[in-house]
Amino acid sequence: MSTETDGLSPPQKRARTSGIDRALQILDLLQQHQHPLTCYEMAKEAGAPLSTIYSVVDDLVSKSMLERQKNGLIWLGPRLYYYGLTYCRQLDLLTVAAQEMENLSETCGEVIQICGRDNDKMVVLAMAEGRDHFYVSSKVGTRIPLNWSASGRLLVGHLSEHERIELFTTSAPPSPTGRAETDPHLLAQSAAVALQQRLSIQANESDFSVACIASPICDTSGVCRATVSIVVPASKVDQTQPDLRKLAQSSAKTIEMRLGWRQGP
């Protein structure tokens, strides 16, 4: 008897997603959206059965990893906050940077942010409010494409030219204002120049009438680990009293020196 199958391959088994992977999908979705979601919304985005999401959510709620609000929406739970506190206490970079961030905010009176990189996104790690209550849409935890921000370019400036071009080729979407650069080659070049000059400036690229002046925090190998960013109304981007560009650069250098990554000015 022939064993031919008329050229048809046997059906492939569907890859099974583990419970921990589903839990991480849910946590990642909440972190990405920055607001509570319904189980239906999470199931739709994760491409998972609604019954599976309900089951995982119930388990995480029972362990205080998630909380179910009165309207049925799901949000991050208090247990995650305790984990985060413990983790942050061990982060010398973030501790030192946060202290300098407060000093800089007191000096210039503007909104200060410490930003880092999460794959193809820039993420706000810490933030100090300014004295005049200037509204900034990006808060702690906000993630935006690297090409939308001054910090985003600095954070990849240490990569090889090929890596920078490849990264911006796959992830450089248009910004809400339509003013963010999207050409991967221009972005790769500007990222390298910005890191070399220890200064990156953008205005009106991610938000209208908002400017950002950023300087890199680099380790001993030259890798940009984070940035110090002064966020101001676009009308202040060129002011010299005080000189926001020099203040950002000075603060970044101070952090590097306190961490032992820089020996002198």
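**Entry 1: a helix on the sheet**

I began with helix H9 (residues 244-258), which lies across E6, strand E7 (210-218) and strand E8 (224-233) and runs at about 30 degrees to E7. Axes are lines fitted to C-alpha atoms, for helices over the stretch in contact, and angles run from 0 to 180 degrees between N-to-C directions. I noted that this is a predicted model, in which local features need pLDDT of at least 70 and side-chain atom pairs count only at pLDDT 80 or more, while totals for chains, interfaces and linings use all residues. Residues are numbered from 1 along each chain as its sequence is written, and side-chain values use heavy atoms, with hydrogens and water left out.

**Entry 2: the sheet**

I looked up the strand order and found an open sheet of 6 strands, E5-E4-E3-E8-E7-E6, with antiparallel pairing; two strands pair if DSSP finds at least two bridges between them. At the edges I found strand E5 (143-145) and strand E6 (200-203), each of which pairs on one side only. Neighbouring strands of this sheet are turned by 30 degrees against each other on average, direction ignored. Strand E3 (residues 111-118) and strand E4 (residues 121-128) run antiparallel and are joined by 7 bridges, and there I saw that Gly-116 has Val-123 in E4 as its bridge partner.

**Entry 3: strand E7**

Is E7 mostly covered or exposed? I found that E7 is mostly covered, with 9 of its 9 residues buried, where buried means under 20% relative accessible area, exposed over 50%, and partly exposed in between (1.4 Å probe, protein chains only). On one side of E7 the buried residues are Val-210, Cys-212, Ala-214, Pro-216 and Cys-218, and on the other Ala-211, Ile-213, Ser-215 and Ile-217.

I then followed the pairing of E7, which is joined to E6 by 4 bridges in an antiparallel run, with Gln-202 having Cys-212 as its partner in E7. E6 and E7 form a hairpin with 6 residues between them, and Asn-204 in the turn has a positive phi of about 65 degrees. E7 and E8 pair in the antiparallel sense over 9 bridges, and in their hairpin, with 5 residues between the strands, Gly-222 takes a positive phi near 90 degrees.

**Entry 4: salt bridges**

I noted 11 salt bridges in the structure, each being a side-chain nitrogen of Lys or Arg within 4 Å of a carboxyl oxygen of Asp or Glu. Glu-110 forms one with Lys-236, and the closest N and O atoms are 2.8 Å apart. Because Glu-110 lies in the loop between helix H5 (92-108) and E3, and Lys-236 in the loop between E8 and H9, the pair ties together parts that are 126 residues apart in sequence. Glu-110 is buried at 4% relative accessibility, whereas Lys-236 is partly exposed at 22%. I also found Asp-219 and Arg-225 meeting in a salt bridge (3.8 Å, N to O), and a network of salt bridges that links Arg-198, Glu-256 and Arg-262.

**Entry 5: two helices**

Last, I looked at helix H1 (residues 19-33) and helix H2 (residues 39-46), which pack at an angle of about 105 degrees with their axes 10 Å apart. That makes H1 roughly perpendicular to H2; angles under 35 degrees count as roughly parallel, over 145 as roughly antiparallel, 65 to 115 as roughly perpendicular and the rest as oblique.

How values were computed:
Contact = heavy atoms within 4.5 Å.
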